[in-house]
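Here is a short briefing on one protein chain. Look over the sequence and the model first, then read the points below.

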Amino acid sequence: QLQLAESGGGLVQPGGSLRLSCAAFGGSLDYYSIGWFRQAPGKEREWVSCSDSRTGSTLYADSVKGRFTISRDNAKSTVYLQINSLKPEDTAVYYCASSRGCSGHVSSYDYWGRGTQVTVSS
């Protein structure tokens, strides 16, 4: 029932920034925790961040802590991921996904967006 759509990806130089958006349709964002994942070619999908709908907590993977910031605007049914100080190793397709709570496991998330490509290159 819930549908998610990512946007905001693109090509940036190392050290650059982007703001990714995850728009939700078909359900109230109030009831969904939203996680961000990324997947580079040939690699496993990696959890990077989560916004917990019940506690208001935000969580980050060690690899992005201090550089990425997750936020939500329930009135706009949108979750954002601000990604700063980008490195080539941040290059991946970035996905958002919904759950009843925050987890680092792909299997804990039920609804997924299509992904948005982030490429960090000089």
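Which residues does leucine 20 touch, leaving out those up to four places away in sequence? In this predicted model, leucine 20 touches Ser7, Gly8, Gly9, Trp36, Val79, Tyr80, Leu81, Ile83, Tyr94, Thr116 and Val118. Leucine 20 is also among the residues with the most contacts inside the largest nonpolar core.

**Overall fold**

- The protein has zero helices and 11 strands.
- The C-alpha atoms fill a box of roughly 40 × 25 × 25 Å along the principal axes.
- Buried residues account for 42% of the 122 residues.
- Of the contacts with a separation of 6 or more, 58% involve residues 24 or more positions apart.

**Nonpolar core**

- The largest nonpolar core holds 32 residues.
- Those with the most contacts inside this core are Leu20, Ile34, Trp36, Leu81, Ile83 and Tyr94.
- At least two core residues come from each of these strands: S3 (18-25), S4 (33-39), S5 (46-51), S7 (68-73), S8 (78-83), S9 (92-99) and S11 (116-120).
- In soluble globular proteins, nonpolar side chains tend to be buried together.

- A search of the whole structure finds two disulfides.
- One of them joins cysteine 22 to cysteine 96, with an S to S distance of 2.1 Å.
- The torsion about this S-S bond is about 75°, so the disulfide is right-handed.
- Cysteine 22 lies in strand S3 and cysteine 96 in strand S9, so the pair ties together parts 74 residues apart in sequence.
- Cysteine 22 is buried at 2% relative accessible area, and cysteine 96 is buried at 0%.

- Cysteine 50 is joined to cysteine 102, with an S to S distance of 2.0 Å.
- This link is left-handed, with -85° about the S-S bond.
- Cysteine 50 sits in strand S5, and cysteine 102 in the loop between S9 and strand S10 (111-112), 52 residues apart.
- Is each end buried or partly exposed? Cysteine 50 is buried, because its relative accessibility of 0% falls under the 20% cut-off.
- Cysteine 102 counts as partly exposed, because its relative accessibility is 21% and buried means under 20%.
- With the bonded cysteines numbered in sequence order, the pairing is 1-3, 2-4.

**Tyrosine 80**

- Tyrosine 80 is in strand S8.
- Tyrosine 80 counts as buried, at 12% relative accessibility.
- The C-alpha atoms of tyrosine 80 and isoleucine 70 are 5.6 Å apart, and the two residues are 10 residues apart along the chain.
- Not counting residues up to four places away, tyrosine 80 touches Arg19, Leu20, Ser21, Trp36, Thr69, Ile70, Ser71 and Asp73.

**Serine 99**

- Serine 99 is placed in strand S9.
- Its relative accessible area is 9%, so serine 99 is buried.
- A polar atom of the serine 99 side chain lies 3.0 Å from the backbone oxygen of serine 108.
- Beyond its neighbours within four places in sequence, serine 99 is in contact with Tyr31, Tyr32, Ser33, Ser108 and Tyr109.

Note on methods:
Residues are numbered from 1 along each chain as its sequence is written. This is a predicted model: local features need pLDDT of at least 70, side-chain atom pairs count only at pLDDT 80 or more; totals for chains, interfaces and linings use all residues. Side-chain values use heavy atoms; hydrogens and water are left out. A nonpolar core is a set of buried Ala, Val, Leu, Ile, Met, Phe, Trp, Tyr and Cys residues joined through side-chain atoms within 4.5 Å. Buried means under 20% relative accessible area, exposed over 50%, partly exposed in between (1.4 Å probe, protein chains only). Helices (H or I, at least four residues) and strands (E, at least two) are DSSP runs, numbered from the N terminus. Contact means heavy atoms within 4.5 Å. A disulfide is a pair of cysteine sulfur atoms within 2.5 Å. A polar contact is a pair of N or O atoms within 3.5 Å; within protein, one must be able to donate a hydrogen and the other to accept it, and residues adjacent in sequence count only if both atoms are side-chain atoms.
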